[in-house]
Amino acid sequence: LYLNFDKPVGEREKDSFRTLLKRRAQREPVAYILGEKEFYSLSFEVSPAVLIPRPETELLVEEAVKELDDPLLPAAKGPPLVVDVGAGSGAVSCALALERKNARILATEINRDATRLAQRNVLAHGLKERVHLVVADILECIMPGTISLVVSNPPYVPAGEIGGLAPEIGYEPEEAINGGPDGLHVVKRLIPQAAERLLHGGRLLMEIGQSQADEVEKMLLGHGFGQIRRIRDLAGIERVVRGVKHG
């Protein structure tokens, strides 16, 4: 409107705008209305099949990049293997692949519709040869002792708290948000699977919810992880937990 203030708006344009405005008035997320969302200065296609990438998840990418730069990070054969569990839109996988070209990225996702959308994002960013997607539950498709780094933004909102969240959340896939009664249902499965499949000295990075760091650290220690770090986001919340496989 400001760039073309002297151009009259036609009825077709008005009707289109009214339709979009009505969707937003019903609290549908802007990202779904536009069909895209920026993450890590990159544009990604999104739909109700996937969780909308959040700015706080960029911290997960930043910490993963630091791990990939660590000369002590183990690798089985050739470049380190990074597995992104619960890939969703593929935003984390693509961002990592573009940041560090020395890494092989495997992304697992249980939802087939989400996997198809993630594949489109992988192709859009020219990463077909570097990011490989597989329909799988957590890490069940991967051989033990092969992974250098596992990253994941699992569902971590306690089921009882979902009803109190903003109405926009209701448009997003529940399986990507609902973490069960304590918010840690998927985390409790991910940690032992990662412990089995990581190389000795391999790393696990997880995004978690507020006040979950103590319990997650206990689980990591109980499955042979050490050198636990709890990383705070810009709001001061312990948002990412990192562990190194020792046992």
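A residue is called buried when its relative accessible area is under 20%, exposed when that area is over 50%, and partly exposed in between, with a 1.4 Å probe and protein chains only. The model described here is predicted, so local features need pLDDT of at least 70 and side-chain atom pairs count only at pLDDT 80 or more, while totals for chains, interfaces and linings use all residues. Residues are numbered from 1 along each chain as its sequence is written, and side-chain values use heavy atoms, with hydrogens and water left out. Helices (H or I, at least four residues) and strands (E, at least two) are DSSP runs, numbered from the N terminus.

Serine 41 sits in the loop between strand 1 (36-39) and strand 2 (42-45). The phi angle of serine 41 is near 65°, a positive value in a residue other than glycine. With a relative accessible area of 66%, serine 41 is exposed. Isoleucine 138 also has a positive phi without being glycine, in this case near 55°. The loop that holds isoleucine 138 runs between strand 5 (131-135) and strand 6 (147-152). Here the relative accessibility is 6%, so isoleucine 138 counts as buried.

Next comes helix 4 (residues 91-99), which contains serine 93. This serine 93 is buried, at a relative accessible area of 1%. Contact means heavy atoms within 4.5 Å. Once neighbours within four places in sequence are set aside, serine 93 is in contact with Asp84, Ile105, Ala107 and Val131.

Helix 4 also packs against helix 3 (residues 58-68), and their axes come within 10 Å and cross at roughly 40°. Helix 3 is therefore oblique to helix 4. Axes are lines fitted to C-alpha atoms, for helices over the stretch in contact, and angles run from 0 to 180 degrees between N-to-C directions. Angles under 35 degrees count as roughly parallel, over 145 as roughly antiparallel, 65 to 115 as roughly perpendicular and the rest as oblique. The crossing of helix 3 and helix 4 is right-handed; a crossing has this hand if the near helix is turned clockwise from the far one by less than a right angle, and is left-handed if anticlockwise. On the helix 3 side, Leu60, Val61, Ala64, Val65 and Leu68 take part, and they meet Val92, Ala95, Leu96 and Glu99 of helix 4. By class, this contact of helix 3 with helix 4 has eight nonpolar residues, no polar ones and one charged. In this grouping Ala, Val, Leu, Ile, Met, Phe, Trp, Tyr, Cys and Pro count as nonpolar, Asp, Glu, Lys and Arg as charged, and the others, Gly among them, as polar.

Helix 6 passes helix 7 in a right-handed crossing. Val187, Lys188 and Ile191 from helix 6 meet Val216, Met219 and Leu220 from helix 7. The residues of this contact divide into five nonpolar, no polar and one charged.

What about the cysteines? The structure holds zero disulfides, a disulfide being a pair of cysteine sulfur atoms within 2.5 Å. The sulfur of cysteine 94 is 18 Å from the closest cysteine sulfur, in cysteine 141, which is too far for a bond. Cysteine 94 is buried, with a relative accessible area of 0%, whereas cysteine 141 is partly exposed at 41%.

Several loop positions complete the tour. Aspartate 69 lies in the loop between helix 3 and strand 3 (81-85) and is partly exposed, with a relative accessible area of 45%. Aspartate 69 and arginine 116 are 47 residues apart in sequence, and 30 Å separates their C-alpha atoms in space. Glycine 160 is exposed at 77% relative accessible area, and glycine 170 counts as exposed at 68%. From glycine 160 to glycine 179, 19 residues apart along the chain, the C-alpha separation is 9.8 Å. For glycine 170 and phenylalanine 17, 153 residues apart along the chain, the C-alpha atoms are separated by 23 Å.
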